[in-house]
Amino acid sequence: MGGDLCNRRSMALAGGVRVVLVLALALALASVHAELQRFEQPVKPDGSLSFLVVGDWGRRGDYNQSRVALQMGRIGEKLDIDFVVSTGDNFYDNGLTGELDHAFEESFTNIYTAKSLQKQWYSVLGNHDYRGDAEAQMSPVLRRIDRRWLCLRSFIVNAELVEIFFLDTTPFVKSYFTDSEGHTYDWRGIKSRKSYIANLLKDVESAVKASTAKWKIVVGHHAIRSISHHGDTQELIKHLLPILRANSVDFYVNGHDHCLQRIGDTESPIQFLTSGAGSKAWRGDVKETNKGNVSFFYDGQGFMSVRLTQSNAEIVFYDVFGEVLHIWNAPKQHHSAI
């Protein structure tokens with residue numbers, strides 16, 4: 001196994017070098033201001049789509065990460081999932097040190113080994129990922145080590161039935177720039193926070209407005225609404241939420257808080273879905289003042305599944321043992337927060 005791992009890493013480095021300059025140039029140009037990169041994701045023959053959502057997980061199997069992964073594999077097989085979404089904080093505590101950091105295999109490749117999880121993983125960056133080499137997670141070298149991995153700052157997955165808009169939310173949070181609490185953040189791809197946010201919001205608004213998909217889902221690391229440790233993200237409430245409300249977005253999916261929760265918006269049918277319980281959890285602090293419109297909250301480890309058809313969305317939350325904690329069905333024609 002050690003020889004295979006070394007060979008895989010050597011091949012990844014050799015092959016990655018040939019394309020990394022081209023991709024790096026493309027990403028650099030895209031970061032200035034351009035339409036979000038799109039990826040096509042086929043649906044099942046019956047037109048439906050199923051996927052899992054997990055966040056805040058990369059701890060080399062510790063804090064029940066391996067147990068959660070085991071149950072993800074079981075549920076993934078049952079649902080015949082099409083892909084997996086990661087809501088960020090992919091590698092603790094401080095991201096990756098570089099493209100060949102062993103933490104990539106030790107926290108990802110060697111943990112999510114079930115056959116059902118050998119599908120595409122679509123990932124965003126979290127604040128802990130920015131504390132390391134953020135550029136490494138977006139490198140084609142990692143995709144050569146493990147073909148499942150796809151992580152970019154912001155992008156779109158188009159599956160006909162649904163469009164999923166993945167957003168880089170960490171730069172929105174001003175305190176990471178003004179009060180880093182001793183942490184170092186990798187802001188190499190963000191020369192001006194103000195311009196970066198303005199351009200991203202413009203791209204997102206244009207994309208969600210133009211979308212004709214039956215369902216619209218936005219994924220980011222930070223919560224818009226949360227009753228757990230970190231609470232609401234005021235910068236997202238101010239800048240992003242109005243765009244989601246104005247463009248019939250169905251769900252906003254996030255991690256950051258190490259829990260599972262479903263909260264309804266007060267002014268639209270949007271549901272805020274947190275799946276950030278992929279490993280360390282049980283913080284035990286709940287913000288009593290934010291409990292309005294909370295339909296479900298669980299402080300422990302687990303993950304979430306989503307199954308979409310033309311007429312219905314089924315959201316299911318599971319604990320570390322794979323037991324169902326909460327099921328919510330949203331008929332599209334009546335899509336309400338009831």
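A search of the whole structure, which is a predicted model, finds 28 aromatic pairs, where rings of Phe, Tyr and Trp (its six-membered ring) pair if their centres lie within 6.5 Å, and where planes under 30 degrees apart count as stacked, over 60 as edge-to-face and the rest as tilted. A pair of aromatic rings is described by the distance of the centres and the angle of the planes. One of these pairs is formed by Phe 51 and Phe 83, which are stacked at 4.7 Å centre to centre with 10° between the planes. Because Phe 51 lies in strand 2 (residues 49-54) and Phe 83 in strand 3 (residues 83-86), this pair ties together parts that are 32 residues apart in sequence; helices (H or I, at least four residues) and strands (E, at least two) are here DSSP runs, numbered from the N terminus. Both Phe 51 and Phe 83 are buried, a word that stands for under 20% relative accessible area, with exposed meaning over 50% and partly exposed in between (1.4 Å probe, protein chains only).

The rings of Tyr 122 and Phe 166 have their centres 6.1 Å apart and their planes at 45°, so this pair is tilted. Tyr 122 belongs to strand 4 (residues 120-123) and Phe 166 to strand 7 (residues 162-166), so the pair ties together parts that are 44 residues apart in sequence, and both Tyr 122 and Phe 166 are buried. Elsewhere, Trp 57, Phe 91, Phe 104, Phe 108, Tyr 112, Trp 121 and Trp 149 form one aromatic cluster. A member of this cluster, Phe 108, has Arg 148 lying over its face at 4.5 Å from the ring centre, and Lys 332 lies over the face of Trp 215 at 4.6 Å from the ring centre; a charge sits over a ring if NZ of Lys or CZ of Arg is within 6 Å of the ring centre and within 35 degrees of the ring normal.

Charged side chains also pair with one another. Side chains of opposite charge can pair when their charged atoms come close, and with a salt bridge taken as a side-chain nitrogen of Lys or Arg within 4 Å of a carboxyl oxygen of Asp or Glu, the count comes to twelve salt bridges. Among them is the one between Arg 153 and Glu 135, whose closest N and O atoms are 2.7 Å apart. Since Arg 153 lies in the loop between strand 5 (149-151) and strand 6 (155-158), and Glu 135 in helix 5 (residues 134-137), the pair ties together parts that are 18 residues apart in sequence. Arg 153 is buried, with a relative accessible area of 11%, whereas Glu 135 is partly exposed at 30%. In another salt bridge the side chains of Asp 186 and Arg 188 meet at 2.8 Å, N to O; Asp 186 counts as buried at 9% relative accessibility, and a network of salt bridges links Asp 133, Asp 186 and Arg 188. The side chains of Arg 225 and Asp 232 meet at 3.3 Å, N to O, and both of these residues are buried.

The annotated positions come next. For "binding site", an unreviewed UniProt entry lists Asp 89, Asn 127, His 221 and His 256, the positions being given in the numbering used here, with shortened feature names and with annotations that may be inferred rather than shown by experiment. These residues span 168 residues in sequence, yet no two of their C-alpha atoms are more than 8.3 Å apart, so they gather at one spot. From this set, Asp 89, Asn 127 and His 256 belong to the lining of the second largest pocket; on a 1 Å grid over the protein atoms alone, a pocket is an open set of points with protein on both sides within 12 Å along at least five of seven lines, a cavity is a set of points where a 1.4 Å probe fits but cannot get out, and lining residues have an atom within 4 Å of a point.

Asp 89 lies in the loop between strand 3 and helix 3 (103-109) and is buried, with a relative accessible area of 1%. Asn 127, which lies in helix 4 (residues 127-130), is also buried, at 4%. Leaving aside neighbours within four places in sequence, the contacts of Asn 127 include Asp 89, His 221 and His 256, where contact means heavy atoms within 4.5 Å.

The unreviewed UniProt entry also places "binding site" at Asp 56, Asp 89, Tyr 92 and His 258. Although they span 203 residues in sequence, no two of their C-alpha atoms are more than 13.0 Å apart, so they gather at one spot, and the lining of the second largest pocket takes in Asp 89, Tyr 92 and His 258 from this set. Tyr 92 lies in the loop between strand 3 and helix 3, counts as buried at 9% relative accessibility, and has contacts that include Asp 56 and His 258.

Residues are numbered from 1 along each chain as its sequence is written, and side-chain values use heavy atoms, with hydrogens and water left out. In this predicted model, local features need pLDDT of at least 70 and side-chain atom pairs count only at pLDDT 80 or more, while totals for chains, interfaces and linings use all residues.
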